[in-house]
Amino acid sequence: MDTVYFDHAATTPVDERVLEAMIPYFTEHYGNANSPHGLGNNAKVAVEEARENIAEMIGAEPAEIVFTSGGTESDNCVIKGVVNATGKTEVITSPLEHHAVLHTAEALKRHGAKPVYLEPNSKGIITAEKVEEAINDNTAMVSLMHVNNEIGSINPLAEISEVCSKHNIPFHSDTVQSVGKIPVDVDELGLDFLSISGHKIYGPKGIGVMYMRHATPWLPWMHGGSQERRRRGGTLNVPGIIGLAKAMELTQKEMDDHRKHFIKLRKRLINGLDKTFGDRYQINGDTENGVPHIINISFLDPNGDGLDGEMLLLNLDVEGICCSNGSACTSGAMEPSHVLEGIGLDEKTANSSLRVSLGKQNTAEEIDYFVNKLKEVVERMMGTVKA
Ligand SMILES: Cc1ncc(COP(=O)(O)O)c(C=O)c1O
């Protein structure tokens with residue numbers, strides 16, 4: 001078997017249909033969308049159509065969509081922009097957020113801001129009650145992700161937004177891992193801001209969206225030209241924008257089919273793990289209500305030594321299997337995943353983890369191959385495993 005790719009939460013291949021939609025904007029309609037001539041206008045028209053389509057897909061107005069370079073930039077722009085505009089200091093968030101949110105909130109400490117980290121439950125969920133308890137006169141905003149990128153748990157955004165709107169606090173959600181996977185509508189979820197990234201949904205890398213509700217306090221962070229109504233300077237990434245709109249359209253249309261496919265594959269994987277590892281493994285996070293395509297597994301070593309997760313990944317890579325442990329952005333660092341530690345896992349269990357994130361092209365055969373190879377690798381690393 002060639003490469004088995006189980007790292008779709010890190011990134012996805014570009015869908016052929018997305019690529020096809022993008023190509024003319026590299027070669028034919030290559031004008032700068034801000035240029036005062038026909039070529040520029042062609043690009044501009046296509047960008048505005050993409051903006052309208054994206055807005056409609058998330059229940060927003062076109063003018064509320066700002067194109068960025070991806071999830072990280074959107075998270076930065078929102079948080080820095082709101083803290084700057086409100087002049088208030090506290091950013092309520094959670095220790096399970098992506099580093100794009102966590103490190104932004106930490107960086108703002110130098111400017112007098114104070115991140116407030118709410119405690120998640122063992123499934124990785126922040127409740128609306130926790131948010132209500134934390135809000136005070138100094139709260140600038142609340143930023144809580146929709147779907148967690150490591151364990152797949154889903155925060156109850158609609159309940160949290162009720163609390164935020166009662167106290168008139170801007171509410172941002174990093175929806176990078178939920179758009180295209182579960183329904184995202186800014187009014188139904190009550191969001192003032194959200195972040196989207198193209199490359200998690202079979203679109204290109206380096207393109208994203210920041211949604212910002214009209215009249216919410218916010219100041220621009222990226223200064224430059226007059227693009228995006230002066231909210232984000234910089235020449236527009238026209239092929240990227242076209243690709244993002246196409247990727248969103250396709251993932252929304254195909255969402256139910258993908259979900260059914262993931263549920264089947266997940267079931268097959270868990271059956272295989274049960275048969276192979278018995279009680280020597282556990283699934284981390286919300287096993288009942290989380291998204292079905294993110295499965296975070298820890299292996300329990302009977303000798304109590306814990307399994308070296310980095311070695312596990314390397315051994316699987318040798319077998320042609322691409323997985324991850326922790327967020328891909330941090331896997332260069334050897335620290336245990338902040339998410340697994342955040343839901344209360346001890347260091348050994350957190351270090352022995354593996355994230356399988358499924359994609360639409362994965363097959364039942366790949367799951368079987370993976371389970372067999374996993375058995376061989378884990379046996380090599382910690383002795384015979386018997387279910
Ligand atoms: C939840 C979440 N937020 C933000 C990001 C960053 O997105 P981008 O790679 O587009 O900057 C990621 C990517 O791993 C993510 O999973």
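**Figure 1. Pairing of strands S5 and S6 in the predicted model.** Strands S5 and S6 run parallel and are joined by two bridges. The structure shown is a predicted model. Within this pair, Val-142 stands opposite Phe-171 of S6. Val-142 is also one of the residues with the most contacts inside the largest nonpolar core. In a regular strand, the side chains alternate between the two faces of the sheet. Strand S6 is covered on both faces: Phe-171 and Ser-173 are buried on one side, and His-172 and Asp-174 are buried on the other.

**Figure 2. The antiparallel pair S7 and S8.** Five bridges link strand S7 (residues 193-197) to strand S8 (residues 208-212) in the antiparallel sense. Across this pair, Ile-196 stands opposite Val-209 in S8.

Figure 3. Thr-93 lies in strand S3. Thr-93 counts as buried because its relative accessibility is 0%, and the cut-off for a buried residue is under 20%. With neighbours within four places in sequence left aside, the residues in contact with Thr-93 are Val-101, Val-116, Tyr-117, Leu-118, Ser-143 and Leu-144.

**Figure 4. Met-248 and the nonpolar cores.** The largest nonpolar core comprises 51 residues, and those with the most contacts inside it are Ile-54, Ile-58, Val-131, Val-142, Leu-244 and Met-248. Helix H10 (residues 238-277) contributes eight residues, the largest share of this core. Apart from this core lies another, of 29 residues, which includes Phe-262, Phe-299, Leu-354 and Val-378.

**Figure 5. Packing of helices H10 and H14.** Two packed helices are described by the angle between their axes and the distance between the axes. The axes of H10 and helix H14 (residues 364-382) come within 10 Å and cross at roughly 25 degrees. The two helices, H10 and H14, are therefore roughly parallel to each other, as angles under 35 degrees count as such. The crossing in which H10 passes H14 is right-handed. On the H10 side, the residues that meet H14 are Leu-265, Arg-268, Leu-269, Gly-272, Leu-273, Thr-276 and Phe-277. Their counterparts in H14 are Ala-364, Ile-367, Asp-368, Phe-370, Val-371, Leu-374, Lys-375 and Val-378.

**Figure 6. Packing of helices H11 and H14.** Helix H11 (residues 309-318) packs with H14 at an angle of about 130 degrees, and their axes are 10 Å apart. H11 and H14 are therefore oblique to each other. H11 passes H14 in a right-handed crossing. Met-311, Leu-312, Asn-315 and Leu-316 of H11 make the contact with Phe-370, Leu-374, Val-377, Val-378, Arg-380 and Met-381 of H14. Phe-370, Leu-374 and Val-378 of H14 also meet H10.

**Figure 7. Glu-52 of helix H3 and Pro-62.** Glu-52 lies in helix H3 and is partly exposed, with a relative accessible area of 46%. The C-alpha atoms of Glu-52 and Pro-62 are separated by 5.0 Å, with the two residues 10 residues apart along the chain.

Figure 8. Most residues other than glycine have a negative phi. Asn-168, which is not a glycine, has a positive phi near 60 degrees. Asn-168 is placed in the loop between helix H7 (157-166) and S6, and is exposed, with a relative accessible area of 70%. Arg-230, likewise not a glycine, has a positive phi of about 65 degrees. Arg-230 belongs to helix H9 (residues 227-230) and is exposed, with a relative accessible area of 58%.

Terms used:
Residues numbered from 1 in each chain as written. Predicted model: local features only at pLDDT ≥ 70, side-chain atom pairs only at ≥ 80, totals over all residues. Heavy atoms only, no water. Core = buried A, V, L, I, M, F, W, Y, C linked by side-chain atoms within 4.5 Å. Buried < 20%, exposed > 50% of the residue type's maximum accessible area, 1.4 Å probe, protein only. Helix = DSSP H or I, 4+ residues; strand = E, 2+ residues; numbered from the N terminus. Pairing = 2+ DSSP bridges. Axes fitted to C-alpha atoms, helices over the stretch in contact; angles between N-to-C directions. Parallel < 35°, antiparallel > 145°, perpendicular 65-115°, else oblique. Left-handed = near helix turned anticlockwise from the far one by under 90°. Contact = heavy atoms within 4.5 Å.
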